[in-house]
Amino acid sequence: MPFSLLSCTLASQVASGLWPRLKRCSASLLFLAVLILPSCAWSYTMPKPVYGSDRLEKQTDPRFATPKEPSPEELMRIQLTPNPEIEQAEIKEIFDAGEAPLLIYGNYDRLQFLGCLNCHPQYRISIWNSDGPYGSNLGYFSLWNGSYEYGNDISPLSPWNEFGGVPPAVVDPAGNFYGFLTRNKNQKPLFTNNFIETVFFNYTAIRDNSRSYYQKAFAEHMDLKTIPLSFMESFPKPIDPAVERDNSVLPPDNNDFQARDLWQ
């Protein structure tokens, strides 16, 4: 047999024997590819881009955002919203200094804090702080806000109501009760002294600027954190404005209080 014919015959026999094996191997490889390649594709993630500068990253990252300036309305809301944490800290500061803040509590259960009666206007809790929640005539819990229940002349919860049935109470941090703050003489016991009676005469005028009234009344004691009860009791006896004008209890600028109608 010629060599070429013999070579072709052998090649044909080898190929006929290997072909089924190759087909089986190809099928196995295809099956593995179907299983492996998709899982590799699903687990692949794009790498984070690398910038030459972090400027773009700071522009898109909220941690680097410029804080938005609050509007005047938002600032007023923050100022007039009670903050128990700050208020408790102020009460503790005054009490630890050896002074006695006279605290006002109202509502039907007398658990609603309404401010400090004798505290310096620098304190947020003071009813003489015209920018605070208890001294502004816009605060919901302010005695000077005639539009809400604690400062309205006809509200049973207001000290200005001559017939008020549920007036606020005056206590100190030690729990001592000093009486009810009210114009209703039928409520017992009353918290009363010359200064409080003067406030009752002038409360409608004080509403517009409580800080000025305090500064006028206690100009010589502005270094104190609180006005002692003895100072209130020794205050000049009030003069009924319906009888005679009392200049000693008016603020420096009467126009601030729009008091002309009160005195005419």
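1. A friendly place to start is the hairpin of β1 and β2: five residues lie between its strands, and N107 takes a positive phi near 80° there. Strands here are DSSP runs of E with at least two residues, helices are runs of H or I with at least four, and both are numbered from the N terminus.

2. Before going on, a word on the source: this is a predicted model, in which local features need pLDDT of at least 70 and side-chain atom pairs count only at pLDDT 80 or more, while totals for chains, interfaces and linings use all residues. Residues are numbered from 1 along each chain as its sequence is written, and side-chain values use heavy atoms, with hydrogens and water left out.

3. Back to the strands. β1 and β2 run antiparallel and are joined by four bridges; two strands pair if DSSP finds at least two bridges between them. Y105 stands opposite F113 in β2. Four of the five residues of β2 are buried (under 20% relative accessible area, with exposed over 50% and partly exposed in between; 1.4 Å probe, protein chains only), so β2 is largely enclosed by the rest of the structure.

4. The open sheet has four strands in the order β2-β1-β3-β4, with antiparallel pairing. β2 and β4 (177-180) are at the edges with a single partner strand each, so one side of each has no neighbour in the sheet. Three bridges join β3 to β4, and V171 stands opposite F177 in β4.

5. The largest nonpolar core holds 39 residues, and L117, W128 and F195 have the most contacts inside it. Such a core is a set of buried Ala, Val, Leu, Ile, Met, Phe, Trp, Tyr and Cys residues joined through side-chain atoms within 4.5 Å. Elements giving two or more residues to this core include α4 (84-96), β1 (103-106) and β3 (169-171). α5 gives the most, with six residues.

6. W128 deserves a look on your screen. Leaving aside neighbours within four places in sequence, W128 is in contact (heavy atoms within 4.5 Å) with residues including L117, W144, F195, V199, I206 and Y213.

7. Lastly, the helix pair. The axes of α5 and α6 come within 11 Å and cross at roughly 145°; axes are lines fitted to C-alpha atoms over the stretch in contact, with angles from 0 to 180 degrees between N-to-C directions. Among the residues making the contact are F195 and I206 of α5 and Y213 and A217 of α6.
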